[in-house]
Amino acid sequence: MSFLRWCTSSIAGHLVLVGLPFFVAEMTVGLLSNYDEGALTGSWALHIAFVCAAGAFAVALLVWYTITRPLLKRKKECP
């Protein structure tokens with residue numbers, strides 16, 4: 001099974017395909033903005049990582065249940 005097919009056919013794949021890029025982008029923005037303000041500490045970086053991971057999980061689930069899953073069901077119904 002190819003990587004893209006695995007990503008589009010399972011919730012775990014969606015966590016990798018959608019969640020990981022979201023996590024990296026949000027983590028980068030959060031860390032850089034706090035670094036520019038001079039407020040970045042170790043505990044604050046962990047807090048940012050936790051919030052970004054939770055957000056990535058939520059976005060991946062949202063995309064899976066609202067976009068991908070209905071499209072997969074529609075694709076299987078059509079011959």
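This is a chat about a predicted model of one protein chain.

Visitor: Hi! To start, how many helices and strands are in the protein chain?

Guide: Hello! The protein chain has 3 helices and 0 strands. Going along the sequence, the pattern reads α-α-α.

Visitor: And is the chain spread out or a compact globule?

Guide: The chain is more spread out than a compact globule, because its radius of gyration is 16 Å, well over the 12 Å that the globule rule gives for 79 residues. Its C-alpha atoms fill a box of roughly 60 × 25 × 15 Å along the principal axes.

Visitor: What share of the residues counts as buried?

Guide: Of the 79 residues, 19% are buried. The chain exposes about 5700 Å², and carbon and sulfur atoms supply 71% of that area.

Visitor: What about contacts between residues at least 6 apart in sequence: what share joins residues at least 24 apart?

Guide: That share is 58%.

Visitor: Let's look at the surface. Which residues form the nonpolar patch?

Guide: The patch is made of Phe3, Leu4, Trp6, Val16, Leu17, Leu20 and Val24. Together they have about 630 Å² of accessible area.

Visitor: Which helices supply at least two residues of the patch each?

Guide: Those are helix H1, residues 3-9, and helix H2, residues 11-37. H2 gives the largest share, with 4 residues.

Visitor: Pick one from H2 for me. Where does Leu17 lie, and why is it called partly exposed?

Guide: Leu17 sits in helix H2. Its relative accessible area is 34%, and partly exposed is the word for values between the 20% cut-off for buried and the 50% cut-off for exposed. Trp6, another patch member, is also partly exposed, at 33%.

Visitor: Back to rings, then. How many aromatic pairs are there?

Guide: The count is 1 aromatic pair. Phe3 and Trp6 form a tilted pair, with 6.1 Å from centre to centre and 40° between the planes.

Visitor: Why is that "tilted"? What are the limits?

Guide: Planes under 30 degrees apart would be stacked and over 60 edge-to-face, so the rest count as tilted.

Visitor: How far apart are Phe3 and Trp6 along helix H1?

Guide: They are 3 residues apart in helix H1, so about one helical turn separates them.

Visitor: New topic: Gly13. Is it buried or exposed?

Guide: Gly13, which is in helix H2, is buried, with a relative accessible area of 0%. Leaving out residues up to four places away in sequence, Gly13 touches Trp6 and Cys7.

Visitor: What separates the C-alpha atoms of Gly13 and Trp64?

Guide: Those C-alpha atoms are 9.8 Å apart, although the two residues are 51 residues apart along the chain.

Visitor: How about Glu37 and Leu61? What is the separation there?

Guide: Glu37 and Leu61 are 24 residues apart along the chain, and their C-alpha atoms are separated by 32 Å. Glu37 lies in helix H2 and counts as exposed, at 62% relative accessibility.

Visitor: What is Asn34 in contact with, leaving aside neighbours within four places in sequence?

Guide: Asn34 is in contact with Ala39, Leu40, Trp44 and Ile48.

Notes:
Residues numbered from 1 in each chain as written. Predicted model: local features only at pLDDT ≥ 70, side-chain atom pairs only at ≥ 80, totals over all residues. Heavy atoms only, no water. Patch = residues over 30% accessible without salt bridge, like charges linked within 9 Å, V, L, I, M, F, W, Y side chains within 5 Å. Areas by Shrake-Rupley, 256 points an atom, 1.4 Å probe, with all protein chains shown as cover. Salt bridge = Lys/Arg side-chain N within 4 Å of Asp/Glu carboxyl O. Buried < 20%, exposed > 50% of the residue type's maximum accessible area, 1.4 Å probe, protein only. Rg over C-alpha atoms; globule rule 2.2 N^0.38 Å. Contact = heavy atoms within 4.5 Å. Phe/Tyr/Trp six-rings, centres within 6.5 Å; stacked < 30°, edge-to-face > 60°.
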